[in-house]
Amino acid sequence: MNDKKLDYEISRLNNNQRKAVIHENGPLFVVAGAGTGKTKTLTTRIAYLIEKMNVDPNRILGVTFTNKAAKEIRHRVNDLIYPNQMGAWLYTFHAFGLRVLRENAVNLNLGYKNDFTVIDEDDALAIIRDIIKKQNIDAKKYPPRMIKNFISNEKTFIRNIDDEVVRDVYDRYKLELIKEQLMDFDDLIVYTNKLFKENLLVRTKYQTLFTHILIDEFQDTDKVQYEIIKLLNNENTFVVGDPDQSIYAFRGARYENNQLFVKEFGAEVIVLDENYRSTNNILKAANKLIKNNNSRTTDKNLVSSFGDGVPIVVHLASDDFDEVRTVTNEIINLTSHKYNYEDIAVLYRNNHLSRLFEHSFMQTQIPYIIYGGISFYERKEVKDILAYLKVVVDTNSNFYLKRIINTPTRGIGNVTINKLEEYANFNNMSMFDAIDYVKFSAKTANSLKEFKNIINELKEKIEETKELVNIIDVLFVGSGYYEFLKEETDDKAKERKENIMELKNVFRQGDWNYEGNNIEKIKQILDELALYTDHDKDNQDLNVVKLATVHQVKGLEFKVVFVVALEDGLFPSDRSYMDPFELEEERRIFYVAITRAKERLYVTNTQRRMVYGQIKNNIPSVFLREIKNDEEKILPKKYSRETINKNTSSDDFKSGDIVVHDSFGKGVVVEVKDDIITIAFNVEYGIKKLLKNHPSIKKEI
DNA sequence: GCTTATAACGTTTTT
DNA sequence: CGTTATAAGC
């Protein structure tokens, strides 16, 4: 049907892209430099396989690293051949693992059933904390976070645990998860690997199911993921990646996978180095920089047909305030001529460097967002409501029961919970059922009975509810959360209510996206939510300046990029000096930063900077020398926009007011402090601090 | 159980 | 310096 569109798309590819797309048989590694049409090549190939080679979509596996990327790939393939790709397996590694384990977890023979629950990092940490407490382990000597890291490292083959105490916690953690039918994020990958490795039947099933496997961002795969790919033993394994953009070593990404794949699979290599993003001045700097890495597998020299463009700008500021002021000035200059706020990104090596910029942008009324922060699904109230739902769906879940049995407070303390847990463990029943057997004081017994009634009533109501969206209201009121928050009038309570209401959107969509009865639909929604993170939301189109770490903007592009704080010890980070490999990783991070820029690149550093309350003299980053071409300096200027329309809006805000923002839409005022107001917008934008007299906000009448 | 003083600490973090 | 985790106090 859409053949013409696909034909047109293929005709527009360059030679190497086309070669990759129509590649017939055998493993292929597409080494795709930044901005060389990596995703386009991958999606066009999927469309080509289905449409031209008559490959059954159900037998194609496409794996990426973020939900956002998976969605994007589905969307783009969809655009080329709708609706034939519907059955294709287009997932993140974790979502793929989840799907496999949902069908086969029982075959692990570890005691897992196929309907286990996925827990997030916070939950995993809570379980470890609990074990540490119960085993009387000194949390100072063994911080839970460290133990979690050790466990994760052993699971993903990074490093084995060599401490007996940590080993003991790990063993108990593993048993606890199985007992509670829980899996953490690592487990989704690790158990999938185990399953494929140890179970011939399951392995063969997936080996024969997939005729084609495609992997995106291959340079970020870790050891376990590589093993999974190897175990699937597919002769049409097609991987796309850029070794020069491998920046997740600290999470286990293995640079050597790139070479291993070529060697062990005997893969053909196609290099894409025609860049469709940046001017050549920017690319020259990038090429020059990355040549300093000795461990490169494939030499690429990015070239575009966009001409040289303007020279990159390297600026040395006297101190951190001067740096911020210079960048702010330049943004004001740029936006009063050719550029919009959305065209601009300020990138840094680590999060805390955002602070001064945030402050300055607020003062000068430059709209911005900061990437990262607390995720919507990590918020306490959201997790609480979902925990109620999980207990309702499965009363055997002691883990979630413990979370909510006294939330909101109903006089059930730790002593009661421990007694229940002990009895339940001893008699091999759930804590929920144990409520009927353990003797408590009249008051406690009453509270427990009340809790049990709440769960039972919620269950009845949820089963009867016609539309899923109403379930959130049922939970909110039925759990007592509503009553609890009603008493509180402060801004936090208001924010919590809003967040809970925001959950409705997710359930509204679940109603038509999923099939089955309510409980079945809920289980599918919970699966999706378990793997969803804040990074999946699309901030790209907001007309605001983006403040982000380099890691957070991988894969994105901006017309103008400022890379700041290019100083020795910050970028490269001082932890990377010892190890030449780590210094190369830092260089790749800077390479990623540079290659985000399409038209203008600014690199700044300062002589003096306040670090942890002390002024430090910094020397310029070694990377600056390495990119040196033509450079110019920004001449510091006064703010060209006379501290912008002072008091243009005379609105007087108070908490609870509904306001409308040009970019963020409707929001509720949460706090007013001097001339700064805090506004809660829709979840996708979150909580923002803005100047009261900013022209972009208006009170809704 | 919840709020306030003090200490401790301080890369990147796709799921 | 600013934030967050922990402990002591109400």
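Domain bounds here come from an automatic or database domain assignment. For chain A, that assignment gives domain 1 (1-98 + 191-272), domain 2 (117-180), domain 3 (303-375 + 536-627), domain 4 (382-533) and domain 5 (657-699). Give each one a colour before moving on.

Keep in mind that you're looking at a predicted model. Colour chain A by pLDDT next: the mean is 87, and 92% of the residues reach 70 or more. Now select residues 635-650, where pLDDT stays under 50. For this stretch the model has 25 contacts beyond four places in sequence.

Where the two meet, 17 residues of domain 1 are in contact with 12 residues of domain 3. About 1,300 Å² is buried between them, with carbon and sulfur atoms giving 55% of that area. On the domain 1 side, pick out Lys68, Gln245 and Ile247: these lose the most area to domain 3, together 42% of what that side buries.

How many salt bridges cross between domain 1 and domain 3? The rule finds 2. For a salt bridge to zoom in on, select Asp220 and Lys554, whose closest N and O atoms are 2.4 Å apart. Sorted by class, the side of domain 1 that touches domain 3 has 7 nonpolar, 5 polar and 5 charged residues.

Last stop: DNA strand C. Which residues are around it? Select Arg355, Tyr612 and Gly613.

How values were computed
Residues are numbered from 1 along each chain as its sequence is written. Chains are lettered from A and ligands numbered from 1 in the order in which they are written. This is a predicted model: local features need pLDDT of at least 70, side-chain atom pairs count only at pLDDT 80 or more; totals for chains, interfaces and linings use all residues. Side-chain values use heavy atoms; hydrogens and water are left out. A residue is near a molecule or strand if one of its heavy atoms lies within 4 Å of it. Contact means heavy atoms within 4.5 Å. Buried area is the accessible area (1.4 Å probe) that two parts lose on being put together, summed over both. A salt bridge is a side-chain nitrogen of Lys or Arg within 4 Å of a carboxyl oxygen of Asp or Glu. Ala, Val, Leu, Ile, Met, Phe, Trp, Tyr, Cys and Pro count as nonpolar, Asp, Glu, Lys and Arg as charged, and the others, Gly among them, as polar. pLDDT is the predictor's confidence in each residue, from 0 to 100.
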